[in-house]
Amino acid sequence: MRIFTKAIRALHTSQSRVRLSSTSNSARQCCHRSPSFSSVSDRNAIVDLRSDTVTLPSSHMLQAVTQAPLGDDVMKEDPTILEFEHSVADLFGKEKALFLPTASMANLVALLSHCNTRASEIIIGTESHINLWEGGNPANLGGIHTRQTPEDNDARLSEQGIMDCFRNGVDDHWPHTALLCLENTHNMCGGVALPKSYLDQIGRLAHERMNIPVHVDGSRIFNAAVAQEITVKDLCQHVDSVTICLSKGLGAPVGSVLVGETEFIRLARRARKRCGGGMRQAGVLAAMGMYAVQHNVDRMVEDHVNAKKLGKALKENGFYLLRDGKIDTNIVYFGLPEACTITREDFLLRLREEYGVKLTGGYSSGGKLFRAVTHMHIDNSKIDRAIEGMIALGNS
Ligand SMILES: Cc1ncc(COP(=O)(O)O)c(C=O)c1O
């Protein structure tokens, strides 16, 4: 590993040399050149497993932007957005789609549109991203109450748990249940890919027994589909709306898409404007999203293979693995071996400094868990470097 440390040092030196030499050029050149140089170099040197949101657009993806016809999308005149929304709706077998800046906003807009009356309540998993990581948006921004029920190890809400939460509004004390939310893949449960059979079952339960729609936070729905060798259309057949994120495993820099029925998307468009998410010549972003959906779906298999390789190696070397090491997609949650003598903070710091591997930590189980997320900038050799570093430090 010393070789790697040397390589990193050499790289830093050459980077600062380039920065110095470009400062001696005109200021304009410096501003133009440094960011792209440093971003490409960092990308090659560092094994960044903090999230699949860290990817940078490829030159082909950027090239797509230059070809995109543009217009004002608030006036529904951006041809690239219109084409992209149409094609994503088609891909998911839904009537309409709406382009948004982020998945958090897409989820909020979905909730605002489904919960169109005051005193609405949603049934949602305790560990879901909407519940834990979106600033309490349902309540804080939407005036929507959340009724939470726990996921099991496979990220499923039980029928009993859901029915226990259901309130049909006959009692004046109650809000009324307006929506059921799922997450696929499920981040906090370990990138679990929920199968079509479960989505169909919950769709039936919601529609037939509760008469409410189902929204899926499908920020990583393509990971779920690829892992199960099913189309997103099939997978999402019996749910009503889906949030799709373009800036995670798909590798676009910005953007999300919400799909659903025509009336739902009409309401969503209004809600997006209220949230400040009506963008103008946003075809520059949609062009990259379109490129991502066309080119970066099938390759997710590699991310899943790398995540499984990492999980297997850690388990074999005494690390704790969520779900006993069952990894469906690109997310690995793990804890240090019991005999490990270094602190969690030192593990992160030394992994970064000595091996060039970035991770996040502090997740559940009393903050003991770390998360590694594979993506398109993580190849086999980078996974090997991460494994080497983690095992060396974890067993020290
Ligand atoms: C499952 C899930 N949903 C939603 C989001 C929010 O995405 P964004 O950062 O685009 O708002 C994330 C982000 O990591 C996520 O993991």
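Me: In S13, which residue is the bridge partner of Phe334?

Reply: This is a predicted model, in which local features need pLDDT of at least 70 and side-chain atom pairs count only at pLDDT 80 or more, whereas totals for chains, interfaces and linings use all residues. Residues are numbered from 1 along each chain as its sequence is written. Strands are DSSP runs of E with at least two residues, helices are runs of H or I with at least four, and both are numbered from the N terminus. Four bridges join S10 to S13, which run antiparallel, and in S13 the bridge partner of Phe334 is Phe370.

Me: How many of the residues of S10 are buried?

Reply: A residue is buried if 20 or more other C-beta atoms lie within 10 Å of its own, exposed if 12 or fewer, and partly exposed in between, with C-beta atoms placed from the backbone. In a regular strand the side chains alternate between the two faces of the sheet. Both faces of S10 are covered, with Ile331, Tyr333 and Gly335 buried on one side and Val332 and Phe334 buried on the other. S10 is therefore largely enclosed by the rest of the structure, the number of its residues that are buried being five of the five.

Me: Is Asp324 buried or exposed?

Reply: Asp324 lies in the loop between S9 and S10, and has a positive phi of about 55° although it is not a glycine. Arg323, in the loop between S9 and S10, also has a positive phi, near 55°, and is partly exposed because 16 other C-beta atoms lie within 10 Å. For Asp324 the count is 8 other C-beta atoms within 10 Å, which means that Asp324 is exposed.

Me: How does the class division run for the residues of the contact of H10 with H14?

Reply: Helix H10 (residues 221–228) and H14 pack at about 80° with their axes 9 Å apart. That makes them roughly perpendicular, a class that covers 65 to 115 degrees, while angles under 35 count as roughly parallel, over 145 as roughly antiparallel and the rest as oblique. Phe222, Asn223, Val226 and Ala227 in H10 meet Met300, Val301 and His304 in H14. Counting Ala, Val, Leu, Ile, Met, Phe, Trp, Tyr, Cys and Pro as nonpolar, Asp, Glu, Lys and Arg as charged, and the others, Gly among them, as polar, these residues divide into five nonpolar, two polar and no charged.

Me: How many charged residues are in the shell around the ligand?

Reply: The ligand is surrounded by Thr102, Ala103, Ser104, His129, Glu183, Asn187, Asp217, Ser219, Cys245, Ser247 and Ser256, a residue being near a molecule or strand if its C-beta atom, placed from the backbone, lies within 6 Å of it. By class, the shell has two nonpolar and seven polar residues, and the number of charged ones is two.

Me: To which residue does the cis peptide bond from Asn184 lead?

Reply: The bond has omega near 0°.

Me: How far apart in space are Gln201 and His238, C-alpha to C-alpha?

Reply: Gln201 lies in helix H9 (residues 196–210) and is partly exposed, because 14 other C-beta atoms lie within 10 Å. Gln201 and His238 are 37 residues apart in sequence, and their C-alpha to C-alpha separation is 8.5 Å.

Methods
Two strands pair if DSSP finds at least two bridges between them. Axes are lines fitted to C-alpha atoms, for helices over the stretch in contact, and angles run from 0 to 180 degrees between N-to-C directions. Two residues are in contact if their C-beta atoms, placed from the backbone, lie within 7 Å.
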